[in-house]
Amino acid sequence: MSITRHIDESKQQVVIKIDGRFDFAQHKAFRDAYRDIPSGSKSYVVDLSSTSYLDSSALGMLLLLREHAGGDSSPVRIQGCGEDVQRVLKIANFEKLFRLD
Amino acid sequence: MSNAETQARPGSQQPGDQQLGAPRGKALVVDDEPTNCRLLTQMLQREGFSAIEAHNGEEAIAKFDNEHPDIIFMDVMMPGMDGFEATRIIKARTGSEFVPVIFLTALRDEKSLIQCTEAGGDDFLSKPFSFGILKARIQAMERVRDLQRSIAAKNAALSTLIEKDQEEQKLAERLLSRAVNTRNAATGRYRFVQRPATTFSGDLVLSQYLPDGGLRILIGDFTGHGLAAAIGAMPVSDIFHTMTLKGVDDDRVLSEINRKLYQLLPADRFMAAWLISIAHTGTTLRWWNGGMPSGWMQTRHGLVELHSHSLPLGILHPLPEREHANHLQAEPTDRLLLMSDGLLETGTKPDELMFEDNGFPQVLERWKHGEPVMDHLIESLDELRSGEPFDDITIVEIPLGNSDYHSSPASKTALYQSGWRWSIELADARLDTLPALEDLLGSVGLLEGLHNHIGALQTIVTELYTNALEHGVLRLESSMKATPDGFELYYRERERRLAVPTPGWIKLSLSYQPGSGRQGRIRISVRDSGPGFDDEEPLQTDASQPWGRGMKLVRDLCESVSHSRNGAEVEAIYAW
């Protein structure tokens, strides 16, 4: 269970990768992954390829990231979702708020 | 012994104030050798302790009880009660407070030293000991004691907080049940099971009648539990009940709830929800699913999945245009099963698969058309689940079909004996057709006890209404209908005049006064916006004419008919 981030300065892009369960226990680590980056200055990729499970508080955290990234026009992409993760995102209709790759 | 008492004790050591010459607290020296006692006492006094002495176990316990020492130096071998026994008794009396006991012993064998610790001793020094070692050991003990005191203080603060939090949770739960659940209507029309994961649920079930007799149900699942969910639930409940009772349509109710939650909740909180509106016929329904697991409708032709098609509420404002409610036709034997994700995500035996993958599909498969499924579902859940659920569970089962959604709260006898007043005002293009009385009154539950009279009432109302429309509002002459051509002309003219913008209004009022037993009286009043008639008795007609039969019929059926406002208002009384 860990959260890592990688900043690609050339693309002005932040990649946040979540390993294992993405739930309330990750709240602080997830927030720490972007809070020092000025709001609206970069685009974000949330890499869920190693995420085994996603709960509703994780959905809330994604919304917070979306807000930090710039709200409606926010360039947040979610990539690499497995079947279970995809199911949760689909039920919540999050493809309307994020780019799901 | 409480922490406050400890700190209030004069001369006791406070964390952090260890300075040379400052009082370090009270030491109890227990030794049967007076010389040893005095020697140690002097050493301790030089170190800033006040010291008291005891010469055997019993005395040590008595001194401990009366003098409340902060540290104890205990000899092992003493006449009477030995150091081990005295220490065991003292340690049993210290409660949550830490009073270090250091054994001073001439014994050096391993077994004896282990015995010191087993008796509750915190440290031991072998006699003879050096002054330097003693000082170091005392400091170590003081550090442990200070640490223990600060933990105890934090624990006390923490348990106060936890207690307060639980109190608030209970209060919120009470408020929530009162404000939310007690307003629910028609709870007998559907079955629901709720199992909260904490004191109270972040799930919400609301139900209310629509003015046309239909039933609306909202099932909500807030992110998180507890107070945050309760705070959101109150406005949701208010909006739902108020707007449903007014007959506001699904999309506007959703939009209003969404607006309110968007305004209230922080960005990471929202409410996934179901909104179901079942028409009073029971076979037409509108459904909206924002972020809830798929619902299932069991039909003659198999299961129909009602999947989530919208974002949960409170995330985007305004709601995207296309996320409207869906229409669905059902048969009277169809049933609907809805649930929150807490059910599907419950872990199951033996390998922690989710109930969604182990158990739930089998329940759906065995679900026969026209039969309830809730009991089987709960049975299967309880049989398979491992441990307690970590999320709130809500399950709702709704039988469809025309089964009088508008159940009456009072007994039928009471209804016969209770009066009512009802009215409707139609204007402009709506004047053309007055809806059937049975639909108008039946939908609001006023027909109870009147079923035998509805035919007669319908005739009276239709005739009076038609008169008011054709002669009062549209100013048509009945005499036009004297010839077959006139008949046609009359109705063509009626249509033409109605099509003109703003022709006027008609107000129909009915009031029911119960009599004794099964007797009753209904007063029917029809008023229109027309100027009335100049003739004294305009509706008094010759029975041989091909027109004007309506009023005669009304007079035959009614106890009395009277006109007022120059004929622009008529009142008929129907009695039985």
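User: How many residue pairs are in polar contact between chain A and chain B, both at pLDDT 80 or more?

Analyst: The model is predicted, so local features need pLDDT of at least 70 and side-chain atom pairs count only at pLDDT 80 or more, while totals for chains, interfaces and linings use all residues. Residues are numbered from 1 along each chain as its sequence is written, chains are lettered from A in the order in which they are written, and side-chain values use heavy atoms, with hydrogens and water left out. A polar contact is a pair of N or O atoms within 3.5 Å; within protein, one must be able to donate a hydrogen and the other to accept it, and residues adjacent in sequence count only if both atoms are side-chain atoms. Between chain A and chain B, the count of such residue pairs is six.

User: Which element gives the most residues to the side of chain A that touches chain B?

Analyst: Helices (H or I, at least four residues) and strands (E, at least two) are DSSP runs, numbered from the N terminus. Two elements of chain A give two or more residues to this side, namely helix 2 (56-69) and helix 3 (83-91). With eight residues, the greatest contribution comes from helix 2 of chain A.

User: What is the area buried between chain A and chain B?

Analyst: Buried area is the accessible area (1.4 Å probe) that two parts lose on being put together, summed over both. Carbon and sulfur atoms give 60% of the area buried between chain A and chain B, which is about 1500 Å².

User: Which residues in chain A lose the most area to chain B?

Analyst: Together, three residues account for 33% of what the side of chain A buries. They are Arg87(A), Ile91(A) and Lys96(A).

User: Which residue forms a salt bridge with Arg87(A)?

Analyst: A salt bridge is a side-chain nitrogen of Lys or Arg within 4 Å of a carboxyl oxygen of Asp or Glu. The rule finds two across the interface of chain A and chain B. In the one formed by Arg87(A), the closest N and O atoms are 3.7 Å apart, and the partner is Asp357(B).

User: Is Thr105(B) buried or exposed?

Analyst: Thr105(B) is found in strand 4 (residues 101-105) of chain B. Buried means under 20% relative accessible area, exposed over 50%, and partly exposed in between (1.4 Å probe, protein chains only). Because its relative accessibility is 2%, Thr105(B) counts as buried.
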